[in-house]
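Let's take a friendly walk through this protein chain. Keep the structure in view as you read, and look for the places where charged side chains pair up.

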Amino acid sequence: MRTVRTVRELREALAPHRRAGRSIGLVPTMGALHEGHLSLVRRARADCEVVVVSLFVNPTQFGPSEDFASYPRDEARDRTLAEAERVDVLFAPPPEEVYPEGFDTTVTVGGLTQVLDGHPERRGPGHFAGVTTVVTKLFNMVAPDVAYFGQKDAQQALVVRKLVRDLDIPVRIEVCPIVRDPDGLALSSRNAYLSPAERGRALALSRALRAAEEAVAGGAVDAGAVLAVAREKLDEAGIEPDYLELRSASHLSGVDRVNGPTLLAVAARVGGARLIDNVVLGEGVDEREPSPAGRSDES
Ligand code: AMP
């Protein structure tokens, strides 16, 4: 595995592969690698002849009151993990390589970036502008055939798909399933902020999603009823969510019924960590007829 820090070195490392017509897969990360990241790397390794992992804690996607300074960083450990997964190139640029003096361009995606985490009272659309700017740069730097993202950041994955579609960026986007600990907690670099007691409380997020999933499997379709089932699990743990919302899984438009693929997304602060999680409900019910008047959606 080669570790490179500049765009020039990166392009030099990839040039012979590109000349030989080898497929290149990119896994963009902010480091502090865990099994969630490694699942993307393994998928890239299985699909592509050359695997590039980027490690970059992107300052522009953090708000001024967010955890940029304290975000976990351990490049040596990340390097060992990446090497064990047979990554070919680790791209770990310093901030000035990505944002040199005079850098003043932002890529913004419309339509999906004002809701959920993009809501102005939450991380805000600036968060996604930071993400889409750095992702566009990474796509231009690496020019991968395929790029791998996690469903853990469901809104981000939709935004990146839209970015690529709207700007005709020649890369295929693959979105990989959420990796969880056996007790249900979605893996996240930010889980490192949780004390053992907070980690216990954080389980309420996945419990809430699972309860909603069970309610839908049991026939519930009314958004209010499904949200109430999830909300109860958060309440039991004393968690007040930043949001707990049902939205269409493709466009993030608001829904009042689970009638077709519907994203149930939650964000909540637990101790010092802001955690997000989600599940797609109703994947098998897009053919479902509207329920007859008077039918109860509660189960
Ligand atoms: P991050 O380092 O948090 O920016 O994440 C890098 C990539 O890994 C993103 O595409 C995330 O969605 C993905 N990822 C993070 N956590 C998980 C997880 N638990 N399961 C699957 N993918 C994940």
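A salt bridge here is a side-chain nitrogen of Lys or Arg within 4 Å of a carboxyl oxygen of Asp or Glu. By this rule the count comes to 21 salt bridges. Side chains of opposite charge can pair when their charged atoms come close.

Before going further, a word on the numbers. This is a predicted model, in which local features need pLDDT of at least 70, side-chain atom pairs count only at pLDDT 80 or more, and totals for chains, interfaces and linings use all residues. Residues are numbered from 1 along each chain as its sequence is written, and side-chain values use heavy atoms, with hydrogens and water left out.

Contact (heavy atoms within 4.5 Å) takes 21 residues from domain 1 and 17 residues from domain 2. Between domain 1 and domain 2 there are 3 salt bridges. Helix α6 (residues 154–166) provides the largest share of the side of domain 1 that touches domain 2, namely 3 residues. Helices (H or I, at least four residues) and strands (E, at least two) are DSSP runs, numbered from the N terminus.

**Some salt bridges to find**

| Pair | Closest N to O distance |
|---|---|
| K162 and D166 | 3.0 Å |
| D181 and R199 | 2.9 Å |

How many residues apart are K162 and D166 in helix α6? They are 4 residues apart, so about one helical turn separates them. D235 and R231 are likewise 4 residues apart, about one turn, in helix α8 (residues 223–236).

The pair D181 and R199 is built another way. D181 lies in the loop between β6 (172–176) and α7 (196–217), while R199 lies in helix α7, so the pair ties together parts that are 18 residues apart in sequence.

Are these side chains buried or exposed? Buried means under 20% relative accessible area, exposed over 50%, and partly exposed in between (1.4 Å probe, protein chains only). D181, at 26%, is partly exposed, and R199 is partly exposed at 25%. D166 is partly exposed too, at 44%.

Finally, R43, D47, R172 and E174 are linked in a network of salt bridges.
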